[in-house]
Amino acid sequence: MKLLKYNIWTIGCQMNEADSRHLGSQLEAIGFAMTEDPEEADLMVLNTCVVRQQAEDRAIGRLQFVSALKKRKPELKVGLMGCMVGMREAPRLQKQFPFVDVFMPPSDPGPLLDFLRKTPDDDEDARMEDIRSKTVQNAIQDEEYILPALSRHNTIQANVPIVLGCSHACTFCVIPYRRGPERSRLPQDILQEIKKLTAQGVREIMLLGQIVDRYGTDFDEPYGLAELLLDVAAIPEVLRIRYLTGHPNYMTDRIIEVTRDEPKVMPHFELPVQAGNNKVLEDMKRGYTREDYRVLIERVRRICPDNTINTDIIVGFPGETDEEFMDTYELIKELELDKVHLAKYSERPKTIAARKMPDDVSHHEKERRRLLIDELVDDILTRKNQRWLHQEVEVLVESRHKGKWRGRTPHNRLVFFAADENMRGALVDVKISFTSPYSMQGELVRVKVPAIPQPVDVSSVPMFHRPLKETLSAV
Ligand code: SAH
């Protein structure tokens, strides 16, 4: 095969970023090279998200762009991947977007790889029917290429899915319909993947699952997230480990204790509450009350006092009154959580809420509620971040940003500092001289683990991994 070029456009969660990274490395394994320029691509893949309408609209906009490109370049091959395709939307999408050559469910590059391996005289229709839903497990096992070539020795933090799918069926959420039932990946596959990643420069591992604290509940052996965290920590090249997203009902004492006691596991929790009013929580079918959540936060803080806790909130869920919303507001104010990923309710096809609960909070009102929480969190963080002023914090440096180095503290705070020499991947101490709600600045004090040598010109490196902060706000 002649050297062909691929381009992957990714939107949505960290799971999608991991899927795009796997797909990129597998395409390279069969001879493709990455390009950032759609004009020179032979293959374009769109890895999509539909968690909210806005994300779906962006994918549709991108499809229109690709459609126009394909009119000019008929030989271009187009793959559509991710939650837009889900487990069974392909036939519908095929009618709507006939220029798409191949559809891939989330975490499953198989159909595209099969499509590319087929000879041109293969029966096209049979090929399209062959869309299966095998998991990413098989794909990773025979994969030599763990990171796309340009990302090797440049990717400091890598997302590693450990739980695929979700079986929880919260009434607002489309993910279980698109990512299929919950299944845990085997520990040996995960550890092997992480070892390969660290061999290519990765220093921080983000373990992913829709409900990451349910990891292993489908195994016969008693092996869960806590055990996996310890096994990952035993890999010498791993400097830091994080995990997301927890569900309040499954965060065990043991996981919190391992987070406290294992120095490589960062003391940072992602525990979405979604709402602080019991009727709304019941309508969402979250499976806990406001009181339960408060007890959980107290428990996390008691067992692991030095921590940060982020949460997710949906404002304007069907039927949410102003009073009910204020319960959410008051709960955040009382608990002083560290960051809120805020979303306005967006009706999603086939969910229980879409079928049974009219989307009756006006757009204007959703925006008002969003802003109120936003301002509240700004106030909380302005105050809380001052705790680090004039303190030394440890920072793992991820990238260069506007002439400064940018990294994260164990508590997942962004820190910027200046240094002339290469700092990518270094573990350093920084003395904080300025704090704001969402980032801090400081001066380099000492380098504890040296940077990763740079084999390529980093200014031209495409990013499969976007830092956590930008990921949810991008959709
Ligand atoms: N599995 C996690 C959340 C993953 S989805 C959990 O159980 O909490 C990421 C976030 O998107 C959710 O936390 C939720 O806040 C938001 N979200 C999901 N569906 C949504 C919808 N229909 N409208 C608005 N936000 C939504």
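**Exercise 1. Find which residue stands opposite Pro161, then work out the sheet around it.**

Start with the pair itself: Pro161 sits opposite Leu208 of β9. A quick note before going on: this is a predicted model, where local features need pLDDT of at least 70, side-chain atom pairs count only at pLDDT 80 or more, and totals for chains, interfaces and linings use all residues. Numbering starts from 1 along each chain as its sequence is written, and side-chain values use heavy atoms, with hydrogens and water left out.

Next, the strands (DSSP runs of E, at least two residues, numbered from the N terminus). β6 and β9 (residues 204-208) pair in the parallel sense over 5 bridges; pairing takes at least two DSSP bridges between two strands.

Now zoom out: the open sheet has 3 strands in the order β6-β9-β10, with parallel pairing. β6 (157-161) and β10 (240-244) are the edges, each with a single partner strand, so one side of each lacks a neighbour in the sheet. From one strand to the next, the twist averages 25 degrees.

**Exercise 2. Decide whether Gln274 is buried or exposed, and list what it touches.**

First, locate Gln274: look in the loop between β11 (268-270) and α11 (278-284). Helices here are DSSP runs of H or I, at least four residues.

Then check the area: Gln274 has a relative accessible area of 8%, so it's buried (under 20%, with exposed being over 50% and partly exposed in between; 1.4 Å probe, protein chains only).

Last, the contacts (heavy atoms within 4.5 Å). Leaving out residues up to four places away in sequence, Gln274 touches Phe172, Met284, Arg286, Tyr288, Asp312, Ile313 and Ile314.

Methods: Axes are lines fitted to C-alpha atoms, for helices over the stretch in contact, and angles run from 0 to 180 degrees between N-to-C directions.
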